[in-house]
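Q: Please take a close look at one residue and its surroundings. Then widen the view to the interfaces, with cut-offs stated.

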Protein chains: 4
Amino acid sequence: MTAGSSPDTFPRGFASDNFAGAHPQVLERLVACNHGHAMAYGDDPLTAQARKAFSALFGQDVDARFVFNGTAANNTALMAFAKPYGAVVCSDMAHLINDESTAPERFLGMRLLDVPSREGKLIPEALEEVLGRGHGVHGAHPVALTITQPTELGTVYSLAELRTLVSMAKAHGLGVHVDGARIGCAVASLGIGLREMILESGVDAISFGGTKQGMIFGEAVVYLKPGLGDDFPYWQKHGMQLASKMRFVSAQFLGLLENDLWIENGRRANAVAQRLLEAVRGLPKVEVLYPVQANSVFARIPAHLVEPLQKETFFWPWDERQGLVRWMCAFDTQPEDITRFVSILERFLRA
Amino acid sequence: MTAGSSPDTFPRGFASDNFAGAHPQVLERLVACNHGHAMAYGDDPLTAQARKAFSALFGQDVDARFVFNGTAANNTALMAFAKPYGAVVCSDMAHLINDESTAPERFLGMRLLDVPSREGKLIPEALEEVLGRGHGVHGAHPVALTITQPTELGTVYSLAELRTLVSMAKAHGLGVHVDGARIGCAVASLGIGLREMILESGVDAISFGGTKQGMIFGEAVVYLKPGLGDDFPYWQKHGMQLASKMRFVSAQFLGLLENDLWIENGRRANAVAQRLLEAVRGLPKVEVLYPVQANSVFARIPAHLVEPLQKETFFWPWDERQGLVRWMCAFDTQPEDITRFVSILERFLRA
Amino acid sequence: MTAGSSPDTFPRGFASDNFAGAHPQVLERLVACNHGHAMAYGDDPLTAQARKAFSALFGQDVDARFVFNGTAANNTALMAFAKPYGAVVCSDMAHLINDESTAPERFLGMRLLDVPSREGKLIPEALEEVLGRGHGVHGAHPVALTITQPTELGTVYSLAELRTLVSMAKAHGLGVHVDGARIGCAVASLGIGLREMILESGVDAISFGGTKQGMIFGEAVVYLKPGLGDDFPYWQKHGMQLASKMRFVSAQFLGLLENDLWIENGRRANAVAQRLLEAVRGLPKVEVLYPVQANSVFARIPAHLVEPLQKETFFWPWDERQGLVRWMCAFDTQPEDITRFVSILERFLRA
Amino acid sequence: MTAGSSPDTFPRGFASDNFAGAHPQVLERLVACNHGHAMAYGDDPLTAQARKAFSALFGQDVDARFVFNGTAANNTALMAFAKPYGAVVCSDMAHLINDESTAPERFLGMRLLDVPSREGKLIPEALEEVLGRGHGVHGAHPVALTITQPTELGTVYSLAELRTLVSMAKAHGLGVHVDGARIGCAVASLGIGLREMILESGVDAISFGGTKQGMIFGEAVVYLKPGLGDDFPYWQKHGMQLASKMRFVSAQFLGLLENDLWIENGRRANAVAQRLLEAVRGLPKVEVLYPVQANSVFARIPAHLVEPLQKETFFWPWDERQGLVRWMCAFDTQPEDITRFVSILERFLRA
């Protein structure tokens, strides 16, 4: 058993960034505020401080709010654009449509309209087609576009690509949301800050990841336009997302934002993914599928190897029948984890 | 500033048990599992262990699941009885109807039918009247009864009272849920264990409090009848209540259940409430309103004192215009907190 | 068997105004437009004409829309005020809360907050109490008040009473809706037109009854403030209330509005109710319960007579155990129907 | 102006079968029951008779219920399979997904999963792919398949094709619904009765069209398996689809079913479509797109002609930019309507 494991957990692998625990800097903050009493439901000083920290991050006043998990962040964020006859437009690869059960239908009460993607990215022509359909009262009426940055396939929209999509959405009167569960990886990858990438691109709201970026739990919803999130506290409450002991979410965010830890964590995860890419791309029978621009490597391996390989070092298959797999790096993945993983992989490939 | 305070928090008072932090035994467990990787979404060893611990608690196999907060616990628990044309029957004092916004309408899609209460307890005759209405397809159809134990007014149903309500509900074909956000206070108060009080009384499901009983966040939903919670993982997911790093909730519950800490915490909070009762009931112009059977004291004080008193030591008014106030004790409230609070109160009463 | 009955129907009684068929003037219009083709979904000339007829009725441009039934009229009308965390305030006697199943919770996604009533009318003090509760994000947030005119108990709000309620709602920022399923009875009773009673009182929207006022099916939702109903066509469509062959609803409304037939029908029904009142109020063991101001008589009769009496001449009990009954008159009820009914009733009372 | 037109309507064209009025045999029945009183909400003799007539139609006891329109028929029918985390699988051409706004998301609370189609028909391999996805609690869980017969593109599934789809759905545990808004056209086209085509194929529920088959309004939902529709009256009520004067829907259905008028109407509409096909397929610059198996002809014409042609004789474009158009025949379309239409079309083509 390698260092860092115990009966409760297992050695670090390449399953997901939500298999990791919390970054020490984050956990310390959480522990440090466990004394005395504080106002509940977010009316405490740490929450005020954490909300301000987001304004500092974007270089102007923004409206940051905290919820429990990623599904909640995306869905409560999108409430700003909700209409009962509305639709949210998203990539066919989006977490929103593939991994959030019927939360959009139940909580937002809206339809999802999926747009074909290439390497995880929305195809502009396909987006235009969906936006241009128009069917009066008979169809579901697009009210918002959500863009995942980095994408679910580990690619990163360039600034130009992002702005093209935002413009198209705006031209049709839609609001624009970014799912930034791993936004630190995108910032690290592009070398462009959130202000330029998100705020100045015209995005209305972003889900800023906590859990995958190094926290135990907690996500931020940040509204970038004045007034847009005024009703958020109500959405949060009826959405069952109002933490009574909110200070413990806020404290973690303060830890995550301090010294840009979230970007540093993204940079580390990206770097490990590059090392992993280097280590596997020369291997026989291993085909890397997409550009590795963030913290995951998608590959095709012989289909019959997927299951036995998983048993020895768990990861998620993307399409088991076709041997497509996803290997994802976390902020805490180490070079020795790659060595261990690749040696197992090579053993299977040789067998 | 008294011990235990810092700029982030303030001295312990009598506002709510959700103003407290976590019990050290709970926090230690959370911190202790922050290493290595673990399966996400509850497929980890700690979660399995915590779920088993609930079966041990009830003395037989039960189905325990973990969500983020109390509103979510109540509403996901009640999904087991949901019908689109259904209604949940509750006391007019219930947290479900007074403090959970429209979560029942939005998530469960059902109506709440409130029943008049006396000292926080459902009045059996009034319950019978609501259950017997019957209006075919035209009315909302009662499908479940929810009972809060201890009640929101700090009283505790006796075993006989509880069983009367359960029988009435069962006679009309309803499921029965208990909101046990502070159930440890009821167990400590009655000296009756969960098996006898809840399971053997015929209750179908219970929200077992985490946050108010000493955790940072996290609540348990426990189904006591086989099969009742089989679809729970789906409700949890589309209800935006599936924590990816679930081990950190489970670890806390393991800490809370160890050596019956949750009962011990309830006992402590109840004891402090009794001390507070002793300290205030002799005071002039202070009228205690209900029997103090759990961890809160409700009182009437001169209405004009409510606001200035709150400013010096925060608590929640129950009806500000009438001078009704709630003073609630947490597991960490100490005798010196009472001394401090009562001296402030006396000062105001004298003024 | 009396005239007007056949195996398909039975002699006119006092069950409800929805036991009647259509007024001949209405049916003629429906039949008359059954030729040729017309644009579907309301884009036809008859619908345009009927919508204009409502503007004529109110003496200024209003936005009239047509749906299938009364439940739909009330619920789609209220969409103008809907918020996901909102509540609609209504009398505890309202059709909305007693007779529309969970349509408000499911379609509007909101809670109903019921206010105690006296003789079917909202009690202003009780309304003020509900409006003044205020519980921030924790409670359901009142967004609209709905008033039933005439009430479900056959009483009619005076102009002053109505305006008091509207003012109270407006002072708290609520929208105001009137359920006017039998509004013709109120207009006939008060001798005040819709413009003065409804529009000039500040009401925002009204459900204007079709079915109970003499149509086969169809109700109007009329928005009295510019812009309020702009999204109605979308609500109507996703609410499953868009008739494709709309001209057949519109034609009926043209028949109903012609020469104020709807008021004439209300006047007739009211007059019959007065005759019925005269005929029964002297009877031994019959106690009339409320002022008879519209088309129904509520009475208490010996409880054991309710069921046998119903079998001979059907009507709805209001509270069977207490012998409370409702006798309702329709536009087509005739003097001889009263003679017949009262002779049966007298026979039972004597027995 | 041709016969059958008036200022209220216009000459019969090829826009849609919902541009027609009611068949005389249907209207007569409606008019005939307009006398006396009858129990409301479907407890009347005509409704009992109409429900029995559907059992006769299927050759065994079935559970037929009546709602107002097609959107309601599809969505209330599917309630039998609803789960809050569920999905309904349908063709990407289905009325349910293209023409019913967000009714499925709002009323059923479920997601629609669309399957690619060929000539309007679900492609079995594509259906298998959607059914086989499986993503545990993370995805939306397919609970029902809906099949449109005839399809929205005027093609008709053969018995074998239909049974293949039903088998695939059943193998995955899904319920099966048929949208039969124009089912008479399919019966006429295949020469196979409903019992063999629908009931013996294993279908669970069918929306049996009223409006498009010759009624003024009203659709039937027929459950073919015992118990499946037991809760329907509740769904109908909270779905705002319970007509109080139900006899007027039932009477129309009795007229529609008498002497198989619905099949005769389908046969007529199909025959006119064949005549239209004959008349246009030889024309220069007109390309017929799909097999004409029911009552509509889809064609490609020069794109710039669509709008001026529409102005002279209205019809719906299918894709205006590409010059794709739909010409649909109703039960009352006559040979002279074709002559007139084709002469206009030829004039435009020549110009």
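A: B:Ser101 is in contact (heavy atoms within 4.5 Å) with A:Lys237, A:His238, C:Tyr85, C:Arg111, C:Val137, C:His138, C:Gly139 and C:Ala140, once neighbours within four places in sequence are set aside. This is a predicted model, in which local features need pLDDT of at least 70, side-chain atom pairs count only at pLDDT 80 or more, and totals for chains, interfaces and linings use all residues. Residues are numbered from 1 along each chain as its sequence is written, chains are lettered from A and ligands numbered from 1 in the order in which they are written, and side-chain values use heavy atoms, with hydrogens and water left out.

B:Ser101 sits in the loop between α4 (95-98) and α5 (103-108) of chain B. Helices are DSSP runs of H or I, at least four residues, numbered from the N terminus. B:Ser101 counts as buried because its relative accessibility is 0%; buried means under 20% relative accessible area, with a 1.4 Å probe and protein chains only.

Next, chain D against chain C. The contact takes 64 residues from chain D and 64 residues from chain C. Interface size is often given as the accessible area lost when the parts come together. Here the buried area (accessible area, 1.4 Å probe, that two parts lose on being put together, summed over both) is about 5,400 Å². Carbon and sulfur atoms give 59% of that area. On the chain D side, D:His37, D:Met240 and D:Lys245 lose the most area to chain C, together 18% of what that side buries. The count of salt bridges (a side-chain nitrogen of Lys or Arg within 4 Å of a carboxyl oxygen of Asp or Glu) between chain D and chain C is 0. Polar contacts are pairs of N or O atoms within 3.5 Å; within protein, one must be able to donate a hydrogen and the other to accept it, and residues adjacent in sequence count only if both atoms are side-chain atoms. Between chain D and chain C there are 30 residue pairs in polar contact, both at pLDDT 80 or more. Several helices of chain D each supply at least two residues to the side that touches chain C, including α1 (24-32), α2 (45-58) and α3 (70-78). α3(D) gives the most, with 4 residues. The side of chain D that touches chain C divides into 29 nonpolar, 25 polar and 10 charged residues. Ala, Val, Leu, Ile, Met, Phe, Trp, Tyr, Cys and Pro count as nonpolar, Asp, Glu, Lys and Arg as charged, and the others, Gly among them, as polar.

Now chain B against chain D. Each chain gives 16 residues to the contact. About 1,500 Å² is buried, 70% of it from carbon and sulfur atoms. B:Tyr85, B:Val137 and B:Tyr234 supply 43% of the area that chain B buries against chain D, more than any other three residues. Salt bridges between chain B and chain D number 0. Residue pairs in polar contact, both at pLDDT 80 or more, number 2. The largest share of the side of chain B that touches chain D, 5 residues, comes from helix α10 (residues 232-238) of chain B. That side of chain B holds 9 nonpolar, 4 polar and 3 charged residues.

Last, the inside of chain A. An automatic or database assignment sets the domain bounds: domain 1 (24-259) and domain 2 (261-350) of chain A. Their C-alpha centres lie 27 Å apart. In the contact, 28 residues of domain 1 meet 20 residues of domain 2. The two domains of chain A bury about 1,800 Å² between them, 64% of it on carbon and sulfur atoms.

How values were computed
Buried means under 20% relative accessible area, exposed over 50%, partly exposed in between (1.4 Å probe, protein chains only).
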